[in-house]
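Thanks, everyone. I'll walk through one structure, contact by contact. Please have the viewer open.

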Amino acid sequence: MKFFIDTANLAQIKEANDLGILDGVTTNPSLMAKEGIFSTEAVNSHYKAICELVNGDVSAEVISTDFEGMVAEGEKLASLHPNIVVKIPMIKEGVKAIKYFHSKGIRTNCTLIFSAGQAILAAKAGATYLSPFIGRIDDMNWDGVDLIGQIAEIYAIQGYETEILAASIRSPLHIVKCAEAGAHVVTCPLSAILGLLKHPLTDLGLAQFLADHAKGKA
Ligand code: G3P
């Protein structure tokens, strides 16, 4: 399973990348806004900076909601760096744009996925990645991880090549559950990635090892 970080914050991207386990980055307009990045020029230069930092796929989301706008914006984004994956929302015009980009060899990440039906449509259109938002599904008293499992089963039966990129991850447990459910990729906040490290018995055990070793120096 690949690990992406879900942020536009360069310091957090660098920290995750320094761990040596990072396979890519996802962003969205809200994450860009959180960093104070709004203009096309600023957004494009930020994507270039992310691509220079991480050797892996970087999802860059379009703002347009019509086919022509998505195509123009997506082609511009894809030309910024070979690692850019154009992120397209699951709407009617988006499905057409994914199909268009697929025919041009431009990779896409279909975002805002909340149902298996949407997942089938995105795969049929030729999306490279599919982003089900599991945390937001949990917020609605539904089970986001169940959706990952359902999509994984459908994709395996149908032989779809689209990779399931579990998004809206909120905790280390979400990462573990997505791995069990068959996600190909998880995109996570830095806190969830670092949360995987934690276990009190690891800390206690290490403290004991160091204390025992120090006895030899006394
Ligand atoms: O990758 C999608 C993600 O950024 C949404 O996460 O926590 O806003 O639901 P969240």
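Start in helix 5. Lysine 96 and glutamate 93 both sit in that helix, three residues apart, which is about one turn of the helix. Their side chains form a salt bridge, and the closest N and O atoms are 2.8 Å apart. How accessible is each partner? Lysine 96 has 41% relative accessibility, so it counts as partly exposed. Glutamate 93 is partly exposed as well, at 21% relative accessible area. Buried means under 20%, so the 21% of glutamate 93 puts it in the partly exposed class.

One caution before I go on. This is a predicted model.

Back to the charges. How many salt bridges does the structure hold? Eight. I'll take two others from that set.

Next pair: aspartate 57 and arginine 107. Their side chains meet in a salt bridge at 2.9 Å, N to O. Why does this pair tie separate parts together? Aspartate 57 lies in strand 3, residues 57-61, while arginine 107 lies in the loop between helix 5 and strand 5, so the bridge joins parts that are 50 residues apart in sequence. Helix 5 here is 92-104, and strand 5 is 108-113. Aspartate 57 has 13% relative accessibility, so it counts as buried. Arginine 107 has 28%, so it counts as partly exposed.

Strand 3 gives us another one. The side chains of lysine 87 and glutamate 61 meet in a salt bridge at 3.9 Å, N to O. This pair, too, links distant parts of the chain: lysine 87 is in strand 4, residues 84-89, and glutamate 61 is in strand 3, 26 residues away. Buried or exposed, these two? Both lysine 87 and glutamate 61 are buried.

Now the helix starts. Helix 1 covers residues 10-18, and at its start a side-chain oxygen of asparagine 9 comes within 3.1 Å of the backbone nitrogen of alanine 11. Just after helix 1, glycine 20 takes a positive phi of about 85°.

Another asparagine is worth a look. What does its side chain reach? The side chain of asparagine 28 reaches the backbone nitrogen of leucine 31, at 2.7 Å. Asparagine 28 has a relative accessible area of 13%, so it is buried.

On to the strands. Strand 6, residues 129-132, pairs with strand 7, residues 163-166. The sense is parallel, over two bridges. Tyrosine 129 stands opposite glutamate 163 of strand 7. On to strand 8, residues 185-188. Strand 7 pairs with strand 8 in the parallel sense, again over two bridges. There, leucine 165 stands opposite valine 185 of strand 8.

How values were computed
Residues are numbered from 1 along each chain as its sequence is written. This is a predicted model: local features need pLDDT of at least 70, side-chain atom pairs count only at pLDDT 80 or more; totals for chains, interfaces and linings use all residues. Side-chain values use heavy atoms; hydrogens and water are left out. A polar contact is a pair of N or O atoms within 3.5 Å; within protein, one must be able to donate a hydrogen and the other to accept it, and residues adjacent in sequence count only if both atoms are side-chain atoms. Helices (H or I, at least four residues) and strands (E, at least two) are DSSP runs, numbered from the N terminus. Two strands pair if DSSP finds at least two bridges between them. A salt bridge is a side-chain nitrogen of Lys or Arg within 4 Å of a carboxyl oxygen of Asp or Glu. Buried means under 20% relative accessible area, exposed over 50%, partly exposed in between (1.4 Å probe, protein chains only).
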